[in-house]
Amino acid sequence: MSGCEANFDGLVGPTHHYAGLSFGNEASTKNQNAVANPRLAAKQGLLKMKALADLGFAQGILPPHERPHLSTLRKMGFGGSDREVLTKAQAYSPRLLSSLSSASSMWVANAATVSPSADSADGRVHFTVANLNNKFHRAIEAETTSAILRATFHADKYFAHHDALPQVAALGDEGAANHNRLCGAYDKPGVQVFVYGRDGLVTGDNEPVRYPARQTRLASDAIARLHQLDEKRTVFIQQNPHAIDSGVFHNDVISVSNGNVLFHHEQAFVNSAKALDEIRRKMAALELDFQPIEVPQSKVSLDDAVATYLFNSQLLSKTDGKMMLVVPEESRQHIGVWAYLSALRDSGGPVDQIEVFDLRESMRNGGGPACLRLRVALNRNELNAVNVASLMSDSQFTRLNTWVDTHYRDRMQAKDLADPQLLTEVRTALDELTNILGLGAIYPFQR
Ligand SMILES: N=C(N)NCCC[C@H](NC(=O)CCC(=O)O)C(=O)O
């Protein structure tokens, strides 16, 4: 298969904690106020990146954002020295400070939507930063995400960058977590599948009632337009509102694609048969076979899918033509889910290997293996144009582990966030990280 899918993982930031900020994400709500371990979280992520790099997959690293986000606090009228701003914000509302200190930028599946050059009319890889406007703590990510992506994929000849869509609910956009691509070779045309939870312009009667639908059709349409996609190779599907109400806050909690395979739960989509048929027809026009793997509710319930995150997996193509599924430890711990995955592995189908990773620190905030990565399908020239220090290697792994050991605490709770020493630690760490990753001044405090 020519071209490759590079996975860029978000490095967990030093303020990682459990704040219960994401209504609709049941893990986030359930673990509010639990004690977090940022050092362990960062190391669990690095181990996954290194293991996949060692298996021969192209693996990149995206840095965390600066938190607490002093500039938002200042925009909200908290003045004085940095120390005073933190103290006043904490006194006003510990929850506000917590929101502006979340390490949520680690879940880079929500950083942007990415379209490979083979699908875009101008032959460039397109990135649209996600506005994440459904959650206050995530809506502040867009500006730094944009700086990071532009520094990592900096050659204009190959990469086109679009700013986030306007920050309004009608244009709610959560990035690649609601986007899949079916293809043959990664650098040849494929079919892009956008999944949305509600329309955005009009209120329909088929919307979730309990939890919010974060992605709108209006936003997905805009991205397809910005990325210059061909409608003959684009599909828009509504996510099942019942799934959203069961805790499937992003589509990547209920489906994942790779190559010509779509691994998904039977209750993932509205009017599933019609949607799958459209994908099949559009792929057939490219002379590609579509291989859906549909998991029935009778084998894995929606609730078990949300609890174990088996669909929040990475489906990766191996050199032997078979695929490997990267799942979180929680999927192995569940007898029924593990039995299903073992049978899938032994079925003679496209997936013949399951790899398990302990990502518990991230999982407790609702972020599994797929949430932590941003897929970027690249041809050889494009891969060569990526900022080289952003790619995982033996030396980067060693440097980053040492960096984490030097700068990260092993205990973090909301009450720690007003400590001015923490802000100093964060800035010192991030300044050093931009050197390790060769990214230049991407943070406002560096300018
Ligand atoms: N499925 C994908 N692609 N990403 C997972 C994102 C998890 C993230 N959790 C949080 O932001 C919780 C933060 C807290 O509660 O402390 C979210 O809900 O947006």
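**Labels and what backs them**

Modeller: Let's start with β7, helix α8 (residues 217-226) and β8, which make a right-handed β-α-β unit. Keep in mind that this is a predicted model, where local features need pLDDT of at least 70, side-chain atom pairs count only at pLDDT 80 or more, and totals for chains, interfaces and linings use all residues. Residues are numbered from 1 along each chain as its sequence is written, and side-chain values use heavy atoms, with hydrogens and water left out.

Colleague: What makes a crossover right-handed?

Modeller: Point the strands away from you: the crossover is right-handed if the path from the first strand over the helix to the second runs clockwise. The names come from DSSP runs, numbered from the N terminus: helices are H or I with at least four residues, strands E with at least two.

Colleague: How do you know that β7 and β8 pair, and in which sense do they run?

Modeller: Pairing takes at least two DSSP bridges between two strands. Strand β7 (residues 191-196) is joined to β8 by 5 bridges, and the two run parallel. Within that pair, Q192 sits opposite T234 in β8.

Colleague: Why is strand β8 called largely enclosed?

Modeller: Buried means under 20% relative accessible area, exposed over 50%, and partly exposed in between, with a 1.4 Å probe and protein chains only. In β8 (residues 234-238), 4 of the 5 residues are buried, so the rest of the structure largely encloses this strand.

Colleague: What makes the backbone of Q228 worth a flag?

Modeller: Q228 has a positive phi of about 55° without being a glycine. Most residues other than glycine have a negative phi. N271 also has a positive phi, about 50°, and is not a glycine either; N271 lies in the loop between β10 and α10 (272-284).

Colleague: Which peptide bond is cis?

Modeller: The one from R67 to P68, with omega near -5°. Most peptide bonds are trans. P68 is in the loop between β2 (59-62) and α3 (70-75).

Colleague: How do you know that S317 makes polar contacts through its side chain?

Modeller: A polar contact is a pair of N or O atoms within 3.5 Å; within protein, one must be able to donate a hydrogen and the other to accept it, and residues adjacent in sequence count only if both atoms are side-chain atoms. The side chain of S317 makes one with the side chain of Y186 at 3.3 Å and one with that of N258 at 2.8 Å. S317 itself is in strand β12 (residues 314-317).

Colleague: Where does N258 point?

Modeller: N258 and V256 point one way from strand β9 (residues 255-258), S255 and S257 the other, and all are buried. β9 pairs with strand β10 (residues 261-265) over 4 bridges, in the antiparallel sense.
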